[in-house]
Amino acid sequence: MNRLDDRQVIEAQIGRPLRADSKAVSRCHLDLPVVVAVPPILDDGTPFPTLYWLTCPLATTRIGRLEGAGGVKRMEQKAVADPEFGRELEEAHTAYAAKRDVMVPEGVFPIPSGGVGGSSVGVKCLHAHYAHARAGESNPVGELVASWIEPLDCQTQCVVDGAMNPAWVGTP
């Protein structure tokens, strides 16, 4: 799949045009983007703290259900109750910010801030933590989320010919 195809797929998956050139860093078994890397400065100069963006509609739906059932609060509680988990989460935020910050061009202001999803501590969004882990980075929240929502086992592609596939049905 070439870059133009990826862009069309990603835009169909997220339901809007991309605001900056984004590169697929994780793909599903059907070879479609699951997570993209987004530059820290968008095309219009807006700082963007989220380095990894989840595009897969199946993963987005499944994680939305977890969030709707209080998943963010439970992960926050786990980070407080489990010191090792909390330390790993803090390390994930630090590593995320450091990786993003070296990509910010010289002289750009304002610059994005925070760790995973723009948050410096705790858990802001399970989608962002999952995207971070799915991109191959260490993230204890994202790894737990992955164990709950994977496999991403669609039988048909979610996007065909640059549009959402009406025949696609994501497994709940």
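Ala 59, Thr 60, Ile 63, Gly 64, Leu 66 and Glu 67 of helix H2 meet Leu 126, His 127 and Tyr 130 of helix H5, where a contact is a pair of heavy atoms within 4.5 Å and helices (H or I, at least four residues) and strands (E, at least two) are DSSP runs numbered from the N terminus. By class, this contact of H2 with H5 has five nonpolar, three polar and one charged residues; Ala, Val, Leu, Ile, Met, Phe, Trp, Tyr, Cys and Pro count as nonpolar, Asp, Glu, Lys and Arg as charged, and the others, Gly among them, as polar.

The model is predicted, and local features need pLDDT of at least 70, side-chain atom pairs count only at pLDDT 80 or more, and totals for chains, interfaces and linings use all residues. Residues are numbered from 1 along each chain as its sequence is written, and side-chain values use heavy atoms, with hydrogens and water left out.

Helix H2 (residues 57-68) packs against helix H5 (residues 126-134) at an angle of about 130 degrees, with the axes 9 Å apart. That angle makes H2 oblique to H5, given that angles under 35 degrees count as roughly parallel, over 145 as roughly antiparallel, 65 to 115 as roughly perpendicular and the rest as oblique. Axes here are lines fitted to C-alpha atoms, for helices over the stretch in contact, and angles run from 0 to 180 degrees between N-to-C directions.

Helix H5 also holds His 132, which is buried, with a relative accessible area of 2%; buried means under 20%, exposed over 50% and partly exposed in between, with a 1.4 Å probe and protein chains only. Leaving aside residues up to four places away in sequence, His 132 touches Tyr 52, Ala 92, Tyr 96, Val 116, Glu 137, Ser 138 and Asn 139.

Of the 172 residues, 43% count as buried, and residues 24 or more positions apart account for 52% of the contacts with a separation of 6 or more.
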